[in-house]
Amino acid sequence: MKQKLDAITVTGTAEGGKITVTANASKVVQSVTIDDELLKEGDKEQLEELLVIAINKAMTQADTVSQSEMAAITKDMFGGMGGLF
């Protein structure tokens, strides 16, 4: 299961894609991309807030994917038991 989640990529963005955080479904951040124009503005507080937003969006997507994968595995494992549970 972990290998499958490690191979699934999720993305969180903020400020219309000016910040992009890419992670895997195991919640490991793989990259952060910041638009050059946003960096030129030099607003440290805004940049920090937008990074938090993008990271949280990526982590939410990772949670969703992980839950979906777990539900699929559970269904596969118990689906053929004829409603015993």
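## The buried side of helix H3

In helix H3, the residues Leu47, Leu50, Ala54, Ala58, Met59, Ala62 and Glu69 are buried. The cover over these buried residues includes helix H1 (2-7), strands E1 and E2, strand E3 (29-34) and helix H2 (36-41). The model described here is a predicted one.

The length of H3 can be checked against expectation. At 1.5 Å a residue, its 35 residues should span 51 Å, and the C-alpha atoms at its ends are 51 Å apart, which agrees.

## Overall layout

The chain holds 3 helices and 3 strands. Read from the N terminus, its elements follow the order α-β-β-β-α-α. The radius of gyration is 17 Å, well over the 12 Å that the globule rule gives for 85 residues, so the chain is more spread out than a compact globule.

Taken along the principal axes, the C-alpha atoms fill a box of roughly 60 × 20 × 15 Å. Of the 85 residues, 21% count as buried. The accessible surface of the chain comes to about 5,800 Å², and 55% of this surface belongs to carbon and sulfur atoms. Among contacts with a separation of 6 or more, 46% are between residues 24 or more positions apart.

## The strands and their hairpins

Strands E1 and E2 pair in the antiparallel sense over 6 bridges. Within this pairing, Thr9 stands opposite Asn24 in E2, and Ala14 stands opposite Ile19 in E2. The two strands form a hairpin with 4 residues between them, and in the turn Glu15 has a positive phi of about 55 degrees.

Strand E2 also pairs with E3 in the antiparallel sense, here over 5 bridges. Ala23 has Val29 in E3 as its bridge partner. The hairpin of E2 and E3 likewise has 4 residues between the strands, and Lys27 takes a positive phi near 70 degrees there.

The side chains of E1 alternate along the strand. Strand E2 is mostly covered, with 5 of its 6 residues buried.

In soluble globular proteins, nonpolar side chains tend to be buried together. In this model, the largest nonpolar core has 12 residues: Val10, Ala14, Ile19, Val21, Ala23, Leu38, Leu47, Leu50, Ala54, Ala58, Met59 and Ala62. The elements that give two or more residues to this core are strand E1 (9-14), strand E2 (19-24) and helix H3 (44-78). H3 provides the largest share, 6 residues.

Leaving aside residues up to four places away in sequence, Val21 touches Val10, Thr11, Gly12, Val29, Ser31, Val32, Ala54, Ile55 and Ala58.

Methods:
Residues are numbered from 1 along each chain as its sequence is written. This is a predicted model: local features need pLDDT of at least 70, side-chain atom pairs count only at pLDDT 80 or more; totals for chains, interfaces and linings use all residues. Side-chain values use heavy atoms; hydrogens and water are left out. A nonpolar core is a set of buried Ala, Val, Leu, Ile, Met, Phe, Trp, Tyr and Cys residues joined through side-chain atoms within 4.5 Å. Buried means under 20% relative accessible area, exposed over 50%, partly exposed in between (1.4 Å probe, protein chains only). Contact means heavy atoms within 4.5 Å. Two strands pair if DSSP finds at least two bridges between them. The expected span of a helix is 1.5 Å times one less than its number of residues. The radius of gyration is taken over C-alpha atoms; the globule rule is 2.2 Å times the number of residues to the power 0.38. Accessible areas come from the Shrake-Rupley method with a 1.4 Å probe; for residues, only the protein chains shown count as cover.
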